[in-house]
Structures are given as C-alpha cells and as structure tokens.
Amino acid sequence: MRHPSRILSLVGLTVLILAPQVLGQTGEIYRHPHPQENLEARWAWAQEQAERLSTDGGFWIGYSIKHLVREFTYFISEGSSSFTTTTSRLRIPSGVTLQERIYGRKPGQGTSDEKAIKELARQALEERDVPYSQQKKVWKDVALIFRFNPRDSKQPARLHFSSLDVPFETDGLSMFWLDPAEDGESFALVSGLFEKSKDLKQQKRLLSAVGFHSDSERVVSFLEGVLQSRAPEELRARAASELEDHPVPRSLDLLRETAFKDRSLDVRKRAVSALEDLEMEGAVDVLIELAKHGEHPDIRKRAISTLGDLASRKAAEALIDIAYNDPEADIQKRAVYALEDLPDNEGVPYLIKIAQTHPHPQVRKSAIHCLGDSGDPRALDALIAILKK
C-alpha cells in the first residue's frame with residue numbers, strides 16, 4: 001500500500017451518495033457463465049463476445065483479485081484516472097457501486113444509500129482514532145478493469161483499479177465481467193499485455209498493474225528485469241516506484257543499487273522516494289547512507305527530506321550529524337529543514353541547539369526560521385534568549 005504522502009488529500013469528510021441508477025442504463029454487464037474456468041479462457045471469451053456484439057465505442061473487461069491494503073483504504077477510478085484514498089478524505093462520487101452494477105442489490109438493501117452513509121461515517125470516525133501506519137492490513141477484493149477501443153480488442157487503451165464498494169461509471173459501454181481470478185494467472189495475463197504493448201503510456205499503467213499483485217518474488221523479479229533493461233527512463237522509474245509495495249530483501253537491494261548507480265538521475269530519485277515507503281527496517285539505513293554519501297547533490301537532498309518524513313530516532317540522529325558535519329552548507333540547511341518536518345515538533349530541541357551553536361551563520365538562520373514557524377513554546381523561549389544575547 002502507498003504511503004499517505006502519495007494518497008489524494010482532500011479536506012474533511014464529504015459523503016455524497018445519490019440513488020443508484022437502474023442497472024443496464026449505462027451499459028450492459030455480461031458475466032462469464034463459468035467463472036471456475038482459468039482466467040485466460042475467460043479473457044478469450046470476453047474478447048470473442050465483444051467482437052460478436054460489435055460494441056460501438058469500445059468495451060470493458062474486468063475481474064477482481066485479492067489485494068492486501070490498509071483497513072480504511074479504497075481505490076477509485078474517475079474518468080481516465082485512478083487514485084487511492086482513505087475514508088476520512090474520501091468524496092464519494094454519485095452513482096452505482098461496481099459491486100451493485102455487477103451483482104445487483106442484495107436482498108433487504110432497499111435503504112442502502114442511508115446505510116452506506118452511516119457505514120462510511122462510522123469508518124471515518126474509526127480511522128481518526130487509528131493512525132495510517134497503525135491500521136491493520138486486510139485482504140480486499142479489488143477490480144482490475146481494462147477499457148478497449150472499438151477497433152482493437154487485443155490491447156487495452158486504459159486500465160483502472162477500483163474497490164468493489166465504490167461507484168464506477170462505465171461511460172455507457174458494455175462490460176464483460178470475469179469474476180475473481182487467482183493472483184498468479186492475473187500476473188501472467190497483465191505481464192503478457194505489457195510485453196506486447198508498444199505504447200509508453202499504456203506500458204506504465206500495465207507496469208503498475210504488475211506491481212499490484214501480491215506474489216513479491218514473481219513481481220520483484222519482473223520489475224528487476226525492467227530496471228536493468230534498456231527501457232525508456234519513464235518506464236524504469238515506474239518500475240522503481242512499484243518496488244515500494246514489496247518489502248522483501250531483493251527490493252531493498254535493488255532500490256539501493258538503483259539510487260546509487262542508475263544512469264538516470266530521475267530513476268535514482270524515484271528509488272529514493274520508494275525507500276521511504278518500503279516497510280523494512282533496513283530502508284532507513286540505506287537512506288542515511290544516501291544522505292551522507294550519495295554522489296549527486298539532488299540525491300542527497302532527496303534522501304535528507306525523506307529522513308525527515310520518516311521521523312525515526314535513527315533518522316533524526318543522522319540529520320543532526322549531516323547538519324553539523326556535511327562539507328556543503330546547502331546540504332546542512334536541507335538537514336535543518338528536514339528536522340522541522342519531524343512530527344509533533346520532535347525536531348524543536350535539535351533546531352534550538354543548531355540555532356544557538358552552529359558555526360555557520362546561514363545554517364543558524366535556517367534553524368531560527370524553522371523555530372519561528374513551529375509555534376512551539378520552547379521555540380519562543382529560545383528565540384527570546386537569542387535576541388537578548
């Protein structure tokens with residue numbers, strides 16, 4: 001699951017749910033008659049049906065897989081884009097949920113709109129009490145939905161991720177729904193589509209779908225192949241980003257190697273950002289190493305900022321060391337601003353010390369500026385003492 005810094009941020013909780021439309025008004029849903037068949041066979045059935053029905057404007061093929069996510073996390077598709085959100089930041093668009101479109105309303109759901117509002121409100125209140133990092137991970141059914149243009153039933157034009165219990169608009173197109181699929185057969189299908197694609201934008205979306213699967217050994221091996229290939233920079237950068245969702249030793253090794261040595265600065269930066277969200281203890285050690293010994297200043301700055309976001313004791317100690325001992329004043333100041341980013345004003349004591357004792361005037365000024373922005377009573381007392389001195 002992505003870090004909150006990569007979650008769409010909306011202020012407050014606004015829930016807007018309108019009465020569901022009658023199923024079929026915005027495109028027919030065709031379910032596979034034998035969902036026990038393997039995914040490859042069901043996929044071929046959908047393509048054959050789409051060609052037989054001469055679907056004007058295009059069509060959708062979709063299925064679901066199990067995905068391990070934080071308890072209050074949802075995937076939403078709107079138009080041509082998808083995003084991830086938590087309940088308390090969620091603005092529910094109007095319309096019918098994907099589950100209702102496919103399976104219809106369950107018995108006794110005549111007042112489902114009111115129930116849905118209450119359920120979302122309950123979840124939002126629960127999430128306020130549980131920080132994102134402390135939310136338990138649960139397996140949820142998440143749909144992979146592929147949109148095809150009318151003249152090409154072989155390669156998808158777009159790809160969406162969507163939780164089953166949020167609205168999804170079909171844009172008036174028919175959908176061929178294949179029911180749940182095993183992680184392995186879904187990976188084989190998506191990686192095969194990636195290998196056949198020649199369109200960079202399409203490849204990036206398919207690579208995200210590859211990373212979405214749960215078998216880390218299989219996924220990381222595939223992403224490693226992309227990283228070490230002669231693929232375009234944008235594609236290799238996406239591969240680095242996808243590693244963050246697979247906390248296994250090989251992911252950590254690959255991100256370290258990429259951040260230090262990749263031929264592209266942008267790919268190296270993506271690797272640093274991915275280390276922030278890689279839920280492995282060793283990731284902090286690699287970021288500290290990059291902050292102190294990265295060959296490019298931009299990499300060191302990115303690693304320092306990331307350490308500030310992580311807010312671990314080990315990270316704070318590394319930032320203090322960089323603020324005092326790095327040979328470049330610009331890097332020292334970057335460490336100061338990273339200390340400002342520590343949650344709950346945990347960096348204030350360090351900033352006070354830097355403001356009072358640092359040998360470089362510009363670094364002291366940066367610390368004073370951060371103290372002034374903190375609003376912390378300790379900072380106010382320190383600033384008064386500096387002024388009197």
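These legends describe close-up views of aromatic rings in a predicted model.

**View 1. Trp45 and Phe176 form an aromatic pair.** The structure holds 12 aromatic pairs. In this one, the ring centres are 6.1 Å apart. Trp45 belongs to helix H1, residues 39–53. Phe176 belongs to strand E9, residues 174–180. Trp45 and Phe176 are both buried.

**View 2. Phe75 pairs with Phe212.** A pair of aromatic rings is described by the distance of the centres and the angle of the planes. Here the centres lie 5.2 Å apart. The planes are at 80°, over the 60 degrees cut-off, so this pair is edge-to-face. Phe75 sits in strand E4, residues 73–78. Phe212 sits in the loop between helix H5 (200–211) and helix H6 (216–227). The pair links distant parts of the chain, 137 residues apart. Phe75 has 7% relative accessibility, so Phe75 counts as buried. Phe212 is buried too, with a relative accessible area of 8%.

**View 3. Several aromatic residues form one cluster.** Its members are Tyr30, Trp43, Trp45, Phe59, Tyr63, Phe146, Phe148 and Phe176. Trp45 and Phe176, the pair of View 1, both belong to this cluster.

**View 4. Lys140 lies over the face of Tyr74.**

How values were computed: Residues are numbered from 1 along each chain as its sequence is written. This is a predicted model: local features need pLDDT of at least 70, side-chain atom pairs count only at pLDDT 80 or more; totals for chains, interfaces and linings use all residues. Side-chain values use heavy atoms; hydrogens and water are left out. Rings of Phe, Tyr and Trp (its six-membered ring) pair if their centres lie within 6.5 Å; planes under 30 degrees apart count as stacked, over 60 as edge-to-face and the rest as tilted. Helices (H or I, at least four residues) and strands (E, at least two) are DSSP runs, numbered from the N terminus. Buried means under 20% relative accessible area, exposed over 50%, partly exposed in between (1.4 Å probe, protein chains only). A charge sits over a ring if NZ of Lys or CZ of Arg is within 6 Å of the ring centre and within 35 degrees of the ring normal.
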